[in-house]
Amino acid sequence: MASILTPRCFSHRLSPSFPRFHLPPSSHPSRRCPSLIRMEASSNGASDAKETAAPADPSSDSTNAAASNSESEDPLIQYVVLRRDLIDTWPLGSVVTQGCHASVAAIWSFKDDPHTLNYCNPSNLHAMRKVTLEVKGEAQIVNLSEKLNSSGIDHKLWIEQPENIPTCFATKPYPKSIVSSFFKKVKLCK
């Protein structure tokens, strides 16, 4: 017998024989699911749904609470910088994809860094912070990337292939106090 835990607040169908689950009308993305549905399928294809309590919230642990307090004073932030000229000329989804590529590449490139490990710690996933900024074009993104390189700020400049175009970059996660001064003159992406 197979057993699958499914958050109650998701709306999807696992297979034609599994029931569909819908979001409650008052649900909000920040609201946690109060329960899980355990779907058990027997060898004959029948399924039974059993409601179980959600796992304990790891953020309630006193160790995590202490870490959260110190992070709220100087939170870890990942900056993503996009090119305005591409935002104006490319499909929105393509530009968002470029930012996602840069963000994931920066995380993976610096996966062993203590800040990255803390940022990606399962108990901190709900508290990830990103700031998305924009510069005018290619010259500005390359100049800002070079400035970060000369200052020792780790980041990933994403070069879209096969066009060989620098489209955006993302920093590794840093405490805000260390990295925010490099982005004071850079506009929020709107």
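What percentage of the 190 residues of the protein count as buried? The share is 32%, where buried means under 20% relative accessible area, exposed means over 50%, and partly exposed lies in between (1.4 Å probe, protein chains only).

**Figure 1. Overview of the predicted model.** The structure is a predicted model, in which local features need pLDDT of at least 70 and side-chain atom pairs count only at pLDDT 80 or more, while totals for chains, interfaces and linings use all residues. Residues are numbered from 1 along each chain as its sequence is written, and side-chain values use heavy atoms, with hydrogens and water left out. The protein contains six helices and nine strands; these are DSSP runs numbered from the N terminus (helices: H or I, at least four residues; strands: E, at least two). Its accessible surface comes to about 11600 Å², and 56% of this belongs to carbon and sulfur atoms; such areas are computed by the Shrake-Rupley method with a 1.4 Å probe, and for residues only the protein chains shown count as cover. Of the contacts (heavy atoms within 4.5 Å) between residues at least 6 apart in sequence, 64% join residues at least 24 apart.

**Figure 2. The salt bridge between Asp-85 and Arg-83.** A salt bridge is a side-chain nitrogen of Lys or Arg within 4 Å of a carboxyl oxygen of Asp or Glu, and a search of the whole structure finds five. In this pair, the distance from N to O is 2.7 Å. Arg-83 is buried, at 5% relative accessibility, whereas Asp-85 is partly exposed, at 29%.

**Figure 3. The salt bridge between Glu-134 and Arg-84.** The two side chains meet at 2.9 Å, N to O. Glu-134 belongs to strand S5 (residues 130-135) and Arg-84 to helix H2 (residues 84-89), so the pair ties together parts that are 50 residues apart in sequence. Glu-134 is buried, with a relative accessible area of 10%, while Arg-84 is partly exposed, with 22%.

**Figure 4. The salt bridge between Asp-154 and Lys-172.** Here the distance from N to O is 3.6 Å. The pair links distant parts of the chain, 18 residues apart: Asp-154 is in the loop between helix H5 (138-150) and strand S6 (155-160), and Lys-172 is in the loop between strand S7 (165-171) and strand S8 (174-175). Asp-154 counts as partly exposed at 27% relative accessibility, but Lys-172 is buried, at 5%.

**Figure 5. The loop between S6 and S7, with Pro-162 and Asn-164.** Gln-161 and Pro-162 are joined by a cis peptide bond, for which omega is about 10 degrees. In this loop, Asn-164 has a positive phi of about 65 degrees although it is not a glycine. Asn-164 is exposed, with a relative accessible area of 52%.

**Figure 6. Cysteine residues of the protein, including Cys-120.** How many disulfides are there? The count is zero, a disulfide being a pair of cysteine sulfur atoms within 2.5 Å. For Cys-168, the nearest cysteine sulfur is that of Cys-100, 9.0 Å away. Cys-168 is buried, with a relative accessible area of 0%, whereas Cys-120 is partly exposed, with 28%.
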